[in-house]
Amino acid sequence: MAWQDYVHDMQRCTRCSYCKWIPYRYMQNTDFIQGCPSISRYLWHAYSASGKFNMAYSLLQERIEIDESFLEVLYKCQMDGSCDISCKVQQDLEPLQLMQELRIKCVEEGQLVPAHMMVIEGLRKEDNMMQSKKTDRARWAEGLNVKNLTEEKGEVVFHAGCRYSFDQELWPIARGGLELLQKAGVDVGIMGIDEACCGGRAYELGYAGELTKYAEHQMEAFRTAGVKTLVTPCADCYAAFSVLYDKIGKKMGIEVLHLVQYLDRLIKTGQLKLTKKVPLTVTYHDPCHLGRLGEPWVHWQGKETKVMGQMIVHDPPKKFRRGAGGIYEPPRDILKSIPGLNFVEMYRIREYAWCCGAGGGVIDAYPDFAAWTGNERLKEAGAVGAEAIISACGWCKRSFLDAAAESGDKTKVYDIVELLQMAV
Ligand code: SF4
Ligand code: SF4
């Protein structure tokens, strides 16, 4: 659907402000009841999902045009979808899809955020979102005894993704994840320097053509390699491969798993044994792209009609994504199976989790906002008594590390792989 097709949503937004908060029934601590980082930080209605509906309606009626301030409001948003899930507690509106379409419109009209232009320029030249050389893509795996699937056959492809491939501080996590799979006897390999970006983050910036390009590339590359399963430690890659490709009609045709799903399976079948105690109190941060945005895409084609000047009727009935179908249990089951570990939950979890700050291109264009958002989460981890915050995505770990460096917060930041390495 194009942005104008959300006109009924624009008209039906009641300004109830549910999109700014987690639902009432989940509110436990008044310091941690906000859901939308954008409105929480900038405190002006336009920054909320409701504000975006108002902006879009004004644009539709030609009362405003896209200018610098429009772009700033639209892009100071992590596209984390918290608003979308909370709105659906009250009304079945689709603010996230509207914002996605508005970003695509901006890009099509050449209304671009300078920091994102540089990232996309790098992507078009080097096939990654990190403004790094394509030829350095497999340096993270140097010295590992791992198959290159462009040269020999294997069952499972390990797709590290741009962040883990080029952020040297995170290389031990990618290496550790791969080694855990090998230790459990999985026939796994990598694509070496031929691994390319999934295209998901570019899509969220509004560069829709990049998603189609990389979806077609990946499907052909994995078909040629003959792999049966793709496993990735990156939540953004997981959501791109399993949700966004399906959304644009490019279903992968092979099993797509996040690393936590595969590792959980290996632990439950006894192929990976956890024997060492890890005496830590930890909490788990649900990456948005593994949680609510990792819920399978739901296709719908039909007619939307307004009746009695107010009610919207979908024929056939429309099933909405409400976030509950994300990947929530496998990481928790892994943490609970680690000997000696004390696992505590934060206040905002699962489909109502607070974002790490890195999403939607915020980490590239507005790093101070990303750090502020990350620090809000670190405070929440501290409030429930956790010594460490655990995530399952390189973008989350990068955002929390940057946030802690800025604020001096002493919460330890681990990827779930790092805990498993301590436990095996
Ligand atoms: S929750 Fe939905 S209906 Fe309510 S103000 Fe936000 S966008 Fe509008
Ligand atoms: S996507 Fe996230 S930051 Fe953007 S409006 Fe929704 S809740 Fe706020």
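These notebook entries record what I looked up in the structure, which is a predicted model.

**Entry 1: the main nonpolar core.** I began with the largest nonpolar core and found that it holds 138 residues. I then asked which members touch the most others, and the list reads Trp140, Phe158, Leu181, Leu263 and Leu419. I also looked up the largest contributor to this core, which is helix α12 (residues 235–247), with 7 residues. Apart from this core I noted another, made up of 10 residues, including Cys77, Met79, Cys288 and Cys355.

**Entry 2: Leu419.** I took Leu419 from the list above and set aside its neighbours within four places in sequence. Leu419 is then in contact with Val278, Leu280, Val282, Leu335, Ile338, Leu341, Ile390 and Tyr414.

**Entry 3: the partners of β4.** I looked up which strands pair with β4. Strand β2 (residues 156–158) runs parallel to β4 and is joined to it by 3 bridges; in one of these pairings, Val156 has Thr229 as its bridge partner. Strand β5 (residues 255–258) also pairs with β4 in the parallel sense, over 4 bridges. For Val231 I noted Leu257 of β5 as the bridge partner.

Entry 4: Lastly, I recorded the handedness of the unit formed by β4, α12 and β5: it is a right-handed β-α-β unit. Its helix, α12, is the one I had noted in the first entry for its 7 core residues.

Notes: Residues are numbered from 1 along each chain as its sequence is written. Chains are lettered from A and ligands numbered from 1 in the order in which they are written. This is a predicted model: local features need pLDDT of at least 70, side-chain atom pairs count only at pLDDT 80 or more; totals for chains, interfaces and linings use all residues. Side-chain values use heavy atoms; hydrogens and water are left out. A nonpolar core is a set of buried Ala, Val, Leu, Ile, Met, Phe, Trp, Tyr and Cys residues joined through side-chain atoms within 4.5 Å. Buried means under 20% relative accessible area, exposed over 50%, partly exposed in between (1.4 Å probe, protein chains only). Helices (H or I, at least four residues) and strands (E, at least two) are DSSP runs, numbered from the N terminus. Contact means heavy atoms within 4.5 Å. Two strands pair if DSSP finds at least two bridges between them. A crossover is right-handed if, with the strands pointing away from the viewer, the path from the first strand over the helix to the second runs clockwise.
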